[in-house]
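Student: I am new to this structure. Could you take me through the labels one at a time?
Tutor: Gladly. Here it is.

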Amino acid sequence: MSNVSVLRGRWTGPALVAPTLAFLLATVFVPVVMLLGASLFNSAGFSYSSFTRLVSTPVYTQVLIQSLYLSAAAATLAVLAGFPVAAAIARATPGWRQWLWLGVLLPFWTSFLVRTIAWIVILGRTGVVNSSLMSTGMISEPMELLYTNFSVVVGLVHVLLPLAILTMLPVFESIDRRLFAAAHTLGARPGVTFFTVFLPLSAPGVTAAWLSTFISALGFFITPALLGSPKQTMMAQLIIQQVQEMLDWGLAAALAVVTLIATFIIYWIYDRLVGLSTMTGDTSSIKQGDRANTGFIRNLAFNVCWALGKGIDKVVGTVFAGGPATENAKGLARPIAVAIIVALSLPVLLLIPESFTTSAFIDWPPQGFTLHWYEEIFASPLWMTAIQRSLGVAVGTAILASAIGIPAAFAFAHQKLPFRSLVLGAILAPMILPRIIVALGLFYVLSRLGWLGSSLALIIGHTALAVPYVVITVSAALRSYDRRLDNAASISGANILTRLRLITLPIIAPGILSAFIFAFVTSFDDLTLALFVSGGMFTTLPKQMWDDALLKVSPTLAAVSVLLFLAVLLMIAISYLLRRRSAKLAGAAA
């Protein structure tokens with residue numbers, strides 16, 4: 001009996017994670033490999049002519065360089081802006097923490113399209129910025145803010161900032177705050193403490209945030225397409241153009257290969273320096289061995305940080321010469337974080353008055369008051385069909401992704417897994433790879449199976465995109481779960497199913513709900529896959545919004561955006577209430 005028990009324990013982890021790996025193999029890895037094969041094979045057999053065309057055409061090189069530049073700039077600014085917010089949330093009191101957390105989740109769960117459309121309202125010739133400056137007499141004619149590198153980077157930063165904050169936060173929360181007290185006891189002032197203690201310890205989170213935002217930006221096409229001009233064309237736009245307009249699968253696949261190689265190089269460097277598992281918030285496996293032979297670099301970095309800290313302390317001491325510099329400097333952290341969070345939500349909030357304007361165009365300030373645009377949405381069969389189809393697909397995706405991903409999360413949290421890092425990398429692949437490549441691979445396979453234009457195709461594709469978020473979210477909830485509760489219940493005679501039903505699942509319910517919402521939002525907000533799979537009367541809400549945005553940005557889009565924003569608020573409220581209920585259950589169980 002003991003041998004059977006040991007055998008069962010040995011195979012429990014692989015059995016739990018096997019459905020996830022099998023699903024991703026069929027929906028991500030095989031399609032991507034087939035897509036890559038299309039870059040090397042055509043009707044005549046093996047050929048590298050697509051790559052020859054790619055190298056010999058300067059415009060493709062320019063687009064690649066432009067994509068890397070815009071992605072790197074947006075990722076860097078997003079991390080810089082997100083750093084104080086993540087630090088403020090990590091050290092906030094429970095009351096403030098809830099409000100700051102809400103301020104990050106609200107824009108994070110708001111549609112990419114909605115947030116991009118908001119910047120058209122702000123930066124347009126008749127938008128908020130130009131109208132405000134002209135009304136004050138600061139400028140005599142509108143500035144050209146849209147369709148520039150500036151507008152694209154601003155839009156990308158706004159979209160990526162919540163992701164950067166959420167990626168850094170788990171690492172920041174794991175830092176032992178007693179180290180700061182120890183540094184203070186040894187005479188270190190705030191600047192030196194920050195640069196020599198907090199910054200090195202937070203480096204894995206900062207690096208993971210930059211990497212996540214950079215790769216996400218590299219696969220974006222919504223923001224550069226709506227806020228940029230042909231000069232700001234990025235790789236994802238070029239890939240879509242080759243498939244939809246040129247019907248050139250070979251060149252599209254070659255462009256995808258180049259994007260994929262750039263992604264793998266960056267991730268390989270990151271994994272060698274830090275470790276891929278830090279992307280899930282796990283800091284226990286941060287690689288230290290490679291750093292043992294870099295004493296010179298480490299000493300140089302420490303000296304630079306020390307000098308920066310001393311300089312900051314001197315500036316702070318000068319500015320706050322009339323009072324306690326340390327307390328005043330610390331007091332700036334929360335207002336800065338609040339200001340950044342307000343800036344995150346403000347663009348979307350500006351769409352609310354625009355949705356009631358009597359004007360046929362979006363301009364600032366809004367004219368009059370009418371419910372016409374909301375009535376138009378509910379009276380339009382096209383809009384209502386798109387909403388219903390998106391809701392149905394999103395619910396199906398959330399259910400399937402939760403059913404596949406939650407067992408894998410239990411395997412990572414409570415079981416020993418062979419080749420753990422390799423398995424983790426495979427599960428994170430849909431999140432690691434630029435979404436355009438995953439979507440294009442799925443489209444390549446689904447088109448050959450004849451499944452295009454079906455809800456099932458969208459559910460399968462969206463589930464592949466959503467599974468990593470389910471695994472990460474539930475794993476994070478399980479890491480904070482006190483397993484002594486299971487041991488106590490086991491001693492009392494409760495079997496595993498009873499423990500799951502009465503103890504584990506009620507306590508981690510907020511994590512499961514968050515995972516469900518993540519999967520739901522991932523599907524509901526997806527445009528990349530829907531752009532290929534849906535169309536005509538079979539369209540999703542993001543696809544319908546995209547089609548309208550390409551024609552004109554009308555108040556109807558503002559009204560749809562407001563409805564989506566209210567839906568996000570409702571989901572966050574439900575999640576918050578369940579989280580409070582779970583906390584009470586955990587307290588009662590303890």
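Tutor: Start with Met-34, which sits in helix H1 (residues 2–38). A helix here is a DSSP run of H or I with at least four residues, a strand is a run of E with at least two, and both are numbered from the N terminus. The model is predicted: local features need pLDDT of at least 70, side-chain atom pairs count only at pLDDT 80 or more, and totals for chains, interfaces and linings use all residues. Residues are numbered from 1 along each chain as its sequence is written, and side-chain values use heavy atoms, leaving out hydrogens and water.

Student: Why is Met-34 called partly exposed?
Tutor: Its relative accessible area is 37%. Buried means under 20%, exposed means over 50%, and partly exposed lies in between (1.4 Å probe, protein chains only). So Met-34 counts as partly exposed.

Student: What makes Leu-25, Phe-29, Val-30 and Met-34 a patch?
Tutor: Patch residues have over 30% relative accessible area and no salt bridge, and nonpolar side chains (Val, Leu, Ile, Met, Phe, Trp, Tyr) are joined within 5 Å. A salt bridge is a side-chain nitrogen of Lys or Arg within 4 Å of a carboxyl oxygen of Asp or Glu. These four form a nonpolar patch on the surface, with about 320 Å² of accessible area together. Such areas come from the Shrake-Rupley method with a 1.4 Å probe.

Student: Why is Thr-522 buried?
Tutor: Thr-522 has a relative accessible area of 10%. That falls under the 20% limit, so Thr-522 is buried. Its helix is H23 (residues 509–524).

Student: Which residues does Thr-522 touch?
Tutor: Arg-435, Leu-465, Ala-466 and Tyr-469, leaving aside residues up to four places away in sequence. Contact means heavy atoms within 4.5 Å.

Student: Is Gln-367 buried, partly exposed or exposed?
Tutor: Gln-367 has 40% relative accessibility, so the label is partly exposed. Gln-367 is in the loop between helix H15 (351–354) and helix H16 (372–379).

Student: What does Gln-367 touch?
Tutor: Phe-356, Thr-357, Thr-358 and Ser-359, not counting residues up to four places away in sequence. The C-alpha atoms of Gln-367 and Pro-353 are separated by 9.2 Å, and the two residues are 14 apart along the chain.

Student: How much of the whole protein is buried?
Tutor: Of its 590 residues, 50% count as buried. The protein has 26 helices and 2 strands.

Technical notes. Patches are made of residues with over 30% relative accessible area and no salt bridge: like charges are joined within 9 Å, nonpolar side chains (Val, Leu, Ile, Met, Phe, Trp, Tyr) within 5 Å.
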